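Student: I would like a close look at the charged pairs in this model, one at a time. Could you walk me through them?

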Amino acid sequence: MRESFEELVKIMDILRNKCPWDKQQTHESLKKYLIEETYEVIEAIDEGDFAKLKEELGDLLLQVVFHAKIAQENGKFDIYEVIYDICQKMKRRHTHVFGSDNFSTAEEVLQNWDKIKNNEKEIETITDSMKRIPKHLPALMRSYKVQEKAAKVGFDWESFEGALNKVYEELEELKECLSKNDKKEKIEEEIGDILFAVVNIARFFEVDPEEALHNTVEKFITRFSYVEESASKQGKKLNEMTLEDMDKFWEEAKKV
């Protein structure tokens with residue numbers, strides 16, 4: 001049996017009328033759920049779990065329908081206007097498919113997409129395009145996108161060596177800051193500069209810094225788990241061990 005999209009819309013109508021929790025929700029209250037569902041979709045993709053992906057895509061779709069329903073109640077738009085607008089956008093921005101343009105590479109398609117997007121949104125400067133990048137994106141991802149836009153007009157290092165030297169420079173500035181016992185705000189600024197510089201190196205090698213850090217976090221958890229389990233096998237608790245003792249297990253974990 002296949003439920004129709006219209007059935008989902010009807011269910012949302014019923015929930016908004018009869019469910020106390022659903023009736024209370026607003027665009028603001030639902031923001032966290034939209035973010036959570038998006039990340040759960042990404043997790044399902046990373047795990048290669050298609051049953052989970054199917055479920056999470058449904059949860060994400062529900063959020064879209066939910067927001068559209070609230071907007072409809074406020075006289076703004078409904079879900080069918082959302083669908084109409086995205087259909088029109090796809091046709092406008094794929095002029096090589098729905099128009100007369102002829103592009104042979106993905107890069108040409110992206111360039112054309114950006115050109116059309118900038119015209120539609122009246123983006124006239126690189127700064128305008130940077131400001132259009134959502135502020136709620138993860139900071140590493142936003143940094144990458146900002147740097148990409150600057151690089152398109154030549155505001156970039158000639159090679160990764162320049163970006164790498166910038167990391168060293170920022171590290172020295174942090175060391176100086178710490179030696180002078182500067183205020184937290186200054187330390188925060190210098191750490192931000194270091195992270196931004198590291199993102200630049202990642203960009204040179206087309207490495208997603210968000211994904212790179214995610215993988216490192218997972219690696220840390222795996223190795224720390226080994227340390228904790230190894231200590232437990234010896235009847236020890238981590239808070240009773242020295243850093244040197246824990247580091248021995250850590251070195252073992254790196255070889256596993």
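Student: To begin, which side chain meets Glu190 in a salt bridge?

Tutor: A word on the basis comes before the details. This is a predicted model, in which local features need pLDDT of at least 70, side-chain atom pairs count only at pLDDT 80 or more, and totals for chains, interfaces and linings use all residues. Residues are numbered from 1 along each chain as its sequence is written, and side-chain values use heavy atoms, with hydrogens and water left out.

The partner is Lys186: its side chain and that of Glu190 meet in a salt bridge at 3.0 Å, N to O. The term stands for a side-chain nitrogen of Lys or Arg within 4 Å of a carboxyl oxygen of Asp or Glu. Side chains of opposite charge can pair when their charged atoms come close. Glu190 and Lys186 both sit in helix H11 (residues 184–204), four residues apart, about one turn of the helix. Helices here are DSSP runs (H or I, at least four residues), numbered from the N terminus. Glu190 is buried, with a relative accessible area of 4%, whereas Lys186 counts as partly exposed at 32%. For these words, buried means under 20% relative accessible area, exposed over 50%, and partly exposed in between, with a 1.4 Å probe and protein chains only.

Elsewhere, salt bridges that share partners join Glu43, Glu47 and Lys52 into one network. The count by this rule comes to 16 salt bridges.

Two of the pairs link helix H1 to helix H4. In one, the side chains of Lys69 and Asp13 meet at 2.9 Å, N to O. Lys69 lies in helix H4 and Asp13 in helix H1 (residues 5–18), so this pair ties together parts that are 56 residues apart in sequence. Lys69 is buried, at a relative accessible area of 15%, while Asp13 is partly exposed at 25%. In the other, Arg16 forms a salt bridge with Glu73, and their closest N and O atoms are 2.5 Å apart. Here too distant parts of the chain are linked, with Arg16 in helix H1 and Glu73 in helix H4, 57 residues apart. Arg16 is buried, with a relative accessible area of 11%, and Glu73 is partly exposed, with 40%.

Helix H4 also holds Leu61, which counts as partly exposed at 36% relative accessibility.
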